[in-house]
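Hello,

Here is the structure we talked about passing on. Please open it alongside this note; what I found comes after it.

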Amino acid sequence: MSSPGPALARGDTTPAERGPEAVRVTLSVNGTEHEIHIEPRVSLLDALRERLDLTGAKKGCDQGTCGACTVWVDGRRALACLTLAVTCEGHEITTVEGLSADAEPHPLQRAFMEQDAFQCGYCTPGQIMSAAALLDEGHARDDAEIKEWMSGNICRCAAYPNIRAAIRAVRDQT
Amino acid sequence: MRTITYLRATDTAGAVEAVSSDPTSDYLAGGTTEVDLLRQEVLNPRRLVDINDLPLNGIEGTPEGGLRIGALARMSEVAAHPVVRERFPVLAQALESGASPQLRNMASMGGNLLQRVRCSYFRDAESPCNKREPGTGCSALAGFSRGHAVLGTSEHCIATHPSDLAVALVALDAHVRTLGPRGERAYPADEFFLLPGDSPHREHPMEHGELITGIEVPATDPARRSLYLKVRDRASYEFALVSVAAALSVVDGSVADVRLALGGVATTPWRARRAEDFLVGAAADADAFGMAARVEMADAQPTPMNAFKVELARRTIVRALRTLTGGREADPGTGSPT
């Protein structure tokens, strides 16, 4: 989120104030550019779910507590509920729908099924987006580290042991 | 959330000009507290000035052994930086003990220092709260106060300062650099956080539109031997009940230099100067550590609900210092002190 955003100049160099009514916002999600009209107060989570029909990211708490809305912004895990969509212009958003490049499940998605790493499944997309980033970060060396670095994703069904098993399984595949 | 307008700033001076000249404009950086409070209508700006594109995200060691951190560097970036981990372990540990990995990727260093209190009466946008609406009273005084402060309180506010980072910075004599309508300033971290007194709505000395641009941490002899010990209700992703930032130099069995600051127990990130003064020159042993902790907490003013924090703080101070002298294995963030 710290890399430069798009040029906003429209003929001059003074950035324009936008809103409060709906404004045109261009979001790059899962490699595809989308143009939507939203008020600046709309969260990335609502933009994804209500405008782009990408309902993988879930609205659990809508206050940055549960992690069910975890997506990647420029490859780093972030909470879509505490991100305003308009601030994402010029950044690449990845949701669980874009995790796997082809029609095949991502290895973590397969491991979640094999290890029975969910019950109700509501937190699962956030768990998987967080876990895939965790593996990329190298924060899955042992169970204590996995626990600590997955603490931002709450599971009310308490599937934690099986979630850790799924993460270990993918970690040990290579 | 009320409607807002949005301006993405492209240069620092322009951003400061935009917010300074408009009382209804606020900055937006990581948004991890701000968006939540906008949604609760605790904060109600007309316009947000997005500063995330400003070139304020550098992290670099200074030749003298210190550290310069841009205000827009993210918590996760600073915590992972090799110079930070080598020179200032207490800083990396404080950062990684806060929030969650997702939030640490989002939250900026400047925003962390300006995060608002977790007092539920402040955040509900309804209860009387002198911090949110000056003069309306403090609901926590006679309300639910288990997480509230025991040091630095006033009859107008007992909300705990929530930042872990700030506790480490206060211990390390860091400076907060700002740019405002009247130019650049640098505040010692210890003077940046204001006691509530009779004006709990004033949390820092900056004027409207003044922007944190960076944090400077000076070289400190004991900093390489430092730690952050955080005690909380669960092992991770929780605010401190008590936390201790400690750095220690021991020469011939005596304390040569010590830095001590407390989180979770005070209305500001609390530099424990009384304990430091007691310790310099004293034997570096558990008895002296216990006495120092007692001296620091002597003026604590707990409520019936948070009285446990006084003893918990004493024990956490002792455990942090014993860990630094090799007397006890560290287990930051998970265990209860004994």
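Start with one pair: B:Arg46 and A:Glu17 join their side chains in a salt bridge, 3.0 Å from N to O. Bear in mind that this is a predicted model.

**Between the chains**

That bridge is one of four salt bridges between chain A and chain B. The interface also holds 20 residue pairs in polar contact, both residues at pLDDT 80 or more. On chain A, β4 (76-79), α3 (124-137) and α4 (143-149) each bring at least two residues to the side touching chain B. β4(A) gives the most, with four residues. By class, that side of chain A has 17 nonpolar, 16 polar and 10 charged residues.

Chain A puts 43 residues into the contact and chain B puts in 38. About 3,400 Å² is buried between them, and carbon and sulfur atoms give 53% of that. A:Glu17, A:Arg41 and A:Leu82 supply 20% of the area chain A buries against chain B, more than any other three residues.

**Within chain A**

The contact draws 14 residues from domain 1 of chain A and 16 from domain 2 of chain A.

A:Arg77 forms a salt bridge with A:Glu137, with the closest N and O atoms 2.8 Å apart.

Best wishes

Methods:
Residues numbered from 1 in each chain as written. Chains lettered and ligands numbered in written order. Predicted model: local features only at pLDDT ≥ 70, side-chain atom pairs only at ≥ 80, totals over all residues. Heavy atoms only, no water. Contact = heavy atoms within 4.5 Å. Buried area = accessible area lost by both parts, 1.4 Å probe. Polar contact = N/O pair within 3.5 Å; in protein donor to acceptor, adjacent residues only side chain to side chain. Nonpolar A, V, L, I, M, F, W, Y, C, P; charged D, E, K, R; others polar.
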